[in-house]
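This report walks through a two-chain model, from the contact between the chains to the packing inside them. Keep the sequence and the structure open while reading.

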Amino acid sequence: MRPDHLLLWALGLSTLLGPACKTADDPGTSAKARVMPKHGQVWGRDLATGLGLQEWELCQELGQLDCISDAHLITLGGVEPTTLGIDQPLANAAVSAPIAVDRVAMAACGERWERDLAGPAVIFGAVLEAKAGADRKKAREEVSSLLVQRLLARQATKDEVAALVDLYDALEDISEEPDRDWAIGACMMVATSTEALFY
Amino acid sequence: MPTRRDFIRGLAAATGATAGSSLLLDHRALAQSSQDPRFLVVLCASGGGSIIDGPLAIPASTSASPDTVNTFPDEWVRSWKGSPFRVADVSGSAIGAIPASYAVQPSTFFERRRSELMVATLTGTSVNHQVAQRRAVTGNEAWMGRTLQELVAWQYGAEAPIPNVHLLAGFGFNEHGTDPDVPSWAGGQVVANPAAWPLSLDGRRGQPHAVSAEVLAAIRAQRNEVFEPATRFDRVFQASPRLLEWKDLRGTPQQRIEDADLITKLMYASDSDSFPLSAFGLSSSPSAQAVREVFPDVDRDPLQAQAAMAYLLLKYRVSVSVTLGPGFDFLYDDSGATTGDLPLNSVLNPPLAFDVSHQGHRAGQAVVWNRLYGVVDGLISLLSAEDYGDGSSLWDRTMIYVATEFGRQKTRPAGAEDWGTGHDLNNGVMVFSPLVPGDTLRGGVDPDTGLTYGFDPSSGAPDPGRTTAEAEVFAGLLGALGVDTSGSGLPDVPAMRRS
């Protein structure tokens, strides 16, 4: 066997049997861990697509200012070279960016809930239609899976669904409208997760 | 997640051997400093504000070359007995190529405020705008590339929600320093739209589909502690500095901001059809009326909006360093009647701010300086009226540093009433503060050439054989602000601080 073939064989074996031994449950940790933030307009587009809204329907501050393209443009990593002279996104996340992100997501998820309530439902239909206890939990699981599918463009894992469904337990004693608040909250959790905000 | 305190402890451990006993590396001292802060306002005179068109105006009769040096007719110049300052009240019919008449009377401003002004002469090292702007806040990288704003935020802002705010963006004055050891929380935060920005300081209030604060807290906790750690993305990239930074911001910084009710306190905008706060359950700041009385054009003039926000940031102890200044955009007041040429003083900001001097030096300098004097005057009024709580005012602890990149050419075509100038390294800076010796000039100006000369850093005595370096001004400002410069190698400049 030529030496380079031997090397390839050894490499292949080490990949199969190596110490990383990554599995579906344990994907390992990236050594470089290089991620980039989505600019607000990219995130907003993903959010709008996932929630079945137009981009300008996501969030309007005071009913006047578009949150993403105007009110929080720079905070969310946008640029505005013409009048502000900002032709590069901020090098580091703005200190208020996580708050602004929560704010936009709350507005967008709340808007989706109101529209689903008026019908026809796009995301929260199962929760709106479920009556009994067991059905309602199942409905929340269904909506949780749908949220991950629509906002993160992949299938949800069991743990993720459980994390979203369990939010209901945390809200039951503190919310006057637990179904509504759970729907908005679960939607926010997915929409403002690091996976939704970075790539 | 490491806190600010953890960071400082770690840094102290890592660099203690070389840094001596710097207060910046002692978390207890920083906590103490934050209870006894000084405040820095960097007012950027963008474009090249010439000191001899400001408080060091040269009367023609004092110059050997009055026609070819930038001097003013004696009757325009106002001076005060015992004061080193002389300013010219100027008027004209055009600002460069813009047919806009103007008339400014800076003497009224200096009548009131010269007792709080120190001018330090300076000779810079770059006539490139961006480079010189940066050097104006780093002293030409005098201390490991740290900026004045970062250092003040570091020493005094450990407990402040957003210690270092930049209300102006895209200039060298706003660049981050280059020292990676400066804690991230002391870095500048850009606020691009002061009117709308308070809306980004609360996760739910003012939203039509809002959930309660308690519910939002539960949602955030479930996301941060359960959902997100369950995602493959988060596990794979958990070591990413960007993700760590993001998660850190969701912690104490977020809590500090929301707990402080900044969505209300910083809202200088008034409730109106175009900004319907009350319809969304919000209200103006308790200080909004006072701010709008001093800065009545906040809705039209971006500089006044910045000044209003600067005051609120200091008043509510949100920040200890605030940077603001005019942009390069043309700003025009269209409320006056037009008969032929543009109405008197209708140009609020000429294009390129001070750099309009390339086309119209005298007019451009007069109009933009006057604009900045208005901001200084307003800020001093507001800060002086604010009780700090120990018998002193907020102003007693504040410095307004008027930073600029360079001066302008000192000469003119013989007898010209207005002319264009290029950039000149030779200049000086204005510092308004009770922390510096008032009504004081450090250095001087040669009336025959228009060039400034330096001073002895210890005694402050003018020295025609010396020029002042950027690092000396930088060190002098830090000294006046009480920033601990141990181990920095910076010169001591006691002449720039009030004894």
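Helices and strands here are DSSP runs, numbered from the N terminus; a helix needs at least four residues. The model is predicted.

**Helix α4 of chain B**

Helix α4(B) spans residues 129-138. Seven of its ten residues are buried, so the helix is mostly covered, buried being under 20% relative accessible area. The buried residues are His129(B), Ala132(B), Gln133(B), Arg134(B), Ala136(B), Val137(B) and Thr138(B). What lies over them? The cover includes β1 (39-45), α5 (148-156), β12 (398-404), β14 (423-424) and α14 (470-481) of chain B.

Just after the helix, Gly139(B) takes a positive phi of about 60°.

**The contact between the chains**

Chain A gives 73 residues to the contact, and chain B gives 64 residues. Together the two chains bury about 5,700 Å². Carbon and sulfur atoms carry 65% of that area. On the chain A side, Leu62(A), Val95(A) and Arg103(A) supply 14% of the area buried against chain B, more than any other three residues.

Polar links also cross the boundary. There are 20 residue pairs in polar contact between chain A and chain B, with both residues at pLDDT 80 or more. Which elements of chain A give two or more residues to the side that touches chain B? They are α3 (67-71), α4 (97-118), α7 (158-172), α8 (178-191) and α9 (194-197) of chain A. Helix α4(A) has the largest share, with twelve residues.

Two salt bridges join chain A and chain B. Arg220(B) forms a salt bridge with Asp102(A). Their closest N and O atoms are 2.7 Å apart.

**Salt bridges within the chains**

Over all chains, the structure has 36 salt bridges. Three of them are set out here.

| Salt bridge | Closest N to O |
|---|---|
| Arg112(A) with Asp116(A) | 2.9 Å |
| Lys247(B) with Asp234(B) | 2.8 Å |

Arg112(A) and Asp116(A) both sit in helix α4 of chain A. They are four residues apart, so about one helical turn separates them. Are these two residues buried or exposed? Arg112(A) is buried, at 4% relative accessible area. Asp116(A) is buried too, at 3%.

Asp179(A) is partly exposed, at 25% relative accessibility. Arg136(A) is partly exposed as well, at 24%.

Lys247(B) pairs with Asp234(B). Lys247(B) lies in helix α8 (residues 241-249) of chain B and Asp234(B) in helix α7 (residues 232-236) of chain B, 13 residues apart. Lys247(B) is partly exposed, at 22%, whereas Asp234(B) is buried, at 6%. Elsewhere, salt bridges with shared partners join Asp102(A), Arg220(B), Arg223(B) and Glu258(B) into one network.

**Aromatic rings**

Eleven aromatic pairs occur over all chains. Phe109(B) and Phe110(B) form an edge-to-face pair, 5.2 Å centre to centre with 85° between the planes. Both residues are buried. Phe110(B) also pairs edge-to-face with Tyr373(B), at 5.0 Å and 85°. The second pair spans 263 residues, from helix α3 (residues 106-113) to helix α13 (residues 361-384) of chain B. Phe110(B) has a relative accessible area of 0%, and Tyr373(B) counts as buried at 5%. Ring pairs link Phe109(B), Phe110(B), Phe354(B), Trp369(B), Tyr373(B) and Phe432(B) into a cluster.

Charged ends also meet rings. That of Arg140(A) sits over the ring of Tyr168(A), 3.7 Å from its centre. That of Arg362(B) sits over the ring of Phe72(B), 3.8 Å from its centre.

**A buried asparagine**

Asn426(B) lies in strand β15 (residues 426-432) of chain B. Asn426(B) is buried, at 5% relative accessible area. A polar atom of its side chain lies 2.7 Å from the backbone nitrogen of Thr452(B). Among the residues that Asn426(B) touches are Leu122(B), Thr123(B), Gly407(B) and Lys410(B).

Note on methods. Residues are numbered from 1 along each chain as its sequence is written. Chains are lettered from A and ligands numbered from 1 in the order in which they are written. This is a predicted model: local features need pLDDT of at least 70, side-chain atom pairs count only at pLDDT 80 or more; totals for chains, interfaces and linings use all residues. Side-chain values use heavy atoms; hydrogens and water are left out. Rings of Phe, Tyr and Trp (its six-membered ring) pair if their centres lie within 6.5 Å; planes under 30 degrees apart count as stacked, over 60 as edge-to-face and the rest as tilted. Buried means under 20% relative accessible area, exposed over 50%, partly exposed in between (1.4 Å probe, protein chains only). A charge sits over a ring if NZ of Lys or CZ of Arg is within 6 Å of the ring centre and within 35 degrees of the ring normal. Contact means heavy atoms within 4.5 Å. Buried area is the accessible area (1.4 Å probe) that two parts lose on being put together, summed over both. A salt bridge is a side-chain nitrogen of Lys or Arg within 4 Å of a carboxyl oxygen of Asp or Glu. A polar contact is a pair of N or O atoms within 3.5 Å; within protein, one must be able to donate a hydrogen and the other to accept it, and residues adjacent in sequence count only if both atoms are side-chain atoms. Lists of a residue's contacts leave out its neighbours within four places in sequence.
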